[in-house]
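Work through these exercises on charged side-chain pairs. Try each task before you read its solution.

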Amino acid sequence: MDVQIRAGGGADDVNTVVRLHGEVYESEYGLDPSFAADVATRLSELRRGGWPGPRDGIWIAETDGRAVGSITLDDQGGGLGQLGHLVLTAETRGSGTGRRLVEQVLEAARAAGYERLQLFTFHDLSAARSLYLSVGFVKMSGEHTVRWGREMEWERYELAL
């Protein structure tokens with residue numbers, strides 16, 4: 001599978017990230033439509049604040065001109081960046097694209113001078129969790145909660161850069 005990763009940031013890219021999240025997480029993990037709505041709200045709030053700026057980013061993975069994945073980076077202040085919105089379509093998983101997207105964020109975060117990165121995820125995403133751990137993220141906390149229509153273990157990870 002020939003996957004290209006490009007930097008983005010326009011409204012179409014934000015819509016792509018929201019669409020991918022809805023398609024993947026609702027069907028595969030039983031999340032209700034409020035999940036994609038929350039992704040849309042979060043990204044809209046970021047864009048209103050000028051995101052992506054020089055220390056932020058959005059990357060879209062594409063094959064044959066079709067979006068198959070995404071990841072974002074945003075500045076939380078105080079030397080902290082946040083990795084977010086990692087998603088891959090089912091047919092893209094196992095191709096190394098997820099690792100490439102995460103490495104893109106790590107490279108951008110280091111170039112921007114971040115001291116550390118954080119990310120939030122839920123326990124069911126075992127392949128993503130393994131990827132995060134393999135690049136040095138450490139689980140900082142977890143809590144049992146109900147989000148997006150189901151029970152889950154919500155987790156926070158951090159990486160010192």
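**Exercise 1: a pair between strands**

Task: Find how the side chains of Glu 158 and Arg 116 meet.

Solution: They form a salt bridge, at 3.4 Å from N to O. The term means a side-chain nitrogen of Lys or Arg within 4 Å of a carboxyl oxygen of Asp or Glu. Glu 158 lies in strand 7 (residues 150-160) and Arg 116 in strand 5 (residues 116-122), 42 residues apart. Strands (E, at least two residues) and helices (H or I, at least four) are DSSP runs, numbered from the N terminus. Now check accessibility. Glu 158 is buried, at 18% relative accessible area. Arg 116 is partly exposed, at 27%. The cut-offs: buried is under 20%, exposed over 50%, partly exposed in between (1.4 Å probe, protein chains only).

This is a predicted model: local features need pLDDT of at least 70, side-chain atom pairs count only at pLDDT 80 or more, and totals for chains, interfaces and linings use all residues. Residues are numbered from 1 along each chain as its sequence is written, and side-chain values use heavy atoms, leaving out hydrogens and water.

**Exercise 2: a helix and a strand**

Task: Is Asp 74 buried or exposed?

Solution: Start with its salt bridge to Arg 42, at 3.1 Å from N to O. Arg 42 sits in helix 2 (residues 34-48), Asp 74 in strand 3 (residues 66-77). Asp 74 is buried, with a relative accessible area of 3%. Arg 42 is partly exposed, at 26%.

**Exercise 3: the count**

Task: How many salt bridges are there by this rule?

Solution: The count is 11.
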